[in-house]
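Student: I have a model open and want to go through how it is put together. Can we start with the terms?

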Amino acid sequence: MTNRRRPQISLRKAPQQARSTDLVAAILQAAVQVLVKEGAPRFTTARVAEKAGVSVGSVYQYFPNKAAILFRLQADEWQQTTQMLCDILQDTGSAPLDRLRKLVHAFIQTEFDEAQVRMALDDAAPLYRDALEARQVDQGWEAVMRNFMAELLPSVDAATRDLAGELVMTTLGTVGEHLSRSQRSAEDIRRYGDAMADMFGAYLKLQKKKPTR
């Protein structure tokens with residue numbers, strides 16, 4: 001049995017000069033436009049090059065294939081969202097559950113603000129989700145949540161904390177995706193955020209009261 005080949009999604013080379021940095025930025029901007037208009041099934045390197053007004057060869061200087069372009073779009077989005085959420089969770093001037101409530105509202109809002117691109121990227125995920133780089137991004141966010149749960153539930157065993165973090169992350173992702181696929185009012189978004197934060201808070205307070213083993 002042969003192992004499934006992992007897609008190459010790293011940049012061929014990193015842009016060093018302002019001109020090459022601008023070229024990569026133009027390629028990525030064009031890629032977003034093609035992805036939103038054409039969808040993942042019709043997304044090609046040639047269409048991206050045409051939209052960016054550059055040759056296909058210029059695109060291949062930096063991106064080995066379309067999976068690399070799509071992963072870069074996804075990684076940039078992940079990085080921006082993760083940094084925002086990390087800033088919220090690491091703001092020790094607020095109580096942990098207050099931070100969690102703020103995180104829930106911020107996450108759901110970003111799902112709505114970037115719904116079109118996110119849904120298209122979700123459709124394209126099979127092209128790169130098995131790659132090492134994609135797993136490393138996931139592990140970074142998991143580490144942030146693990147540290148937060150250690151602060152929130154210091155006297156609870158690690159397995160319970162890990163489960164709590166996984167439940168929060170999975171629920172956020174599932175609900176955010178569900179809500180972003182339909183039109184919702186600002187009031188609906190706020191109510192969902194409050195309800196989720198209340199649910200998480202009740203669950204986590206219950207974990208705190210459990211006797212240590």
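Tutor: Angles under 35 degrees count as roughly parallel, over 145 as roughly antiparallel, 65 to 115 as roughly perpendicular and the rest as oblique. Axes are lines fitted to C-alpha atoms, for helices over the stretch in contact, and angles run from 0 to 180 degrees between N-to-C directions. This is a predicted model, in which local features need pLDDT of at least 70 and side-chain atom pairs count only at pLDDT 80 or more, while totals for chains, interfaces and linings use all residues. Residues are numbered from 1 along each chain as its sequence is written, and side-chain values use heavy atoms, with hydrogens and water left out.

Student: How many helices and strands are there?

Tutor: The chain has 9 helices and 0 strands. Both are DSSP runs numbered from the N terminus: helices are H or I with at least four residues, strands are E with at least two.

Student: At what angle do the axes of helix 8 and helix 9 cross?

Tutor: They cross at roughly 170° and come within 12 Å. Helix 8 and helix 9 are therefore roughly antiparallel to each other.

Student: Which residues make the contact?

Tutor: On helix 8 they include Leu163, Ala164, Leu167 and Leu172, and on helix 9 they include Met196, Phe200 and Leu204. Contact means heavy atoms within 4.5 Å.

Student: And by class?

Tutor: The contact has 13 nonpolar, 3 polar and no charged residues. Ala, Val, Leu, Ile, Met, Phe, Trp, Tyr, Cys and Pro count as nonpolar, Asp, Glu, Lys and Arg as charged, and the others, Gly among them, as polar.

Student: New topic. Which residues touch the most other members of the largest nonpolar core?

Tutor: Leu103, Trp141, Met149 and Leu172 do, in a core of 27 residues. Such a core is a set of buried Ala, Val, Leu, Ile, Met, Phe, Trp, Tyr and Cys residues joined through side-chain atoms within 4.5 Å. Helix 5 gives the most to this core, with 7 residues.

Student: What does Met149 touch?

Tutor: Not counting residues up to four places away in sequence, Met149 touches Arg161, Ala164, Gly165, Val168 and Leu204.

Student: Is Thr81 buried or exposed?

Tutor: Thr81 has 10% relative accessibility, so this residue counts as buried. Buried means under 20% relative accessible area, exposed over 50%, partly exposed in between, with a 1.4 Å probe and protein chains only. Thr81 sits in helix 4. Leaving aside neighbours within four places in sequence, Thr81 is in contact with Phe107, Thr110 and Arg118.

Student: What share of the chain is buried?

Tutor: Buried residues are 37% of the 213 residues.
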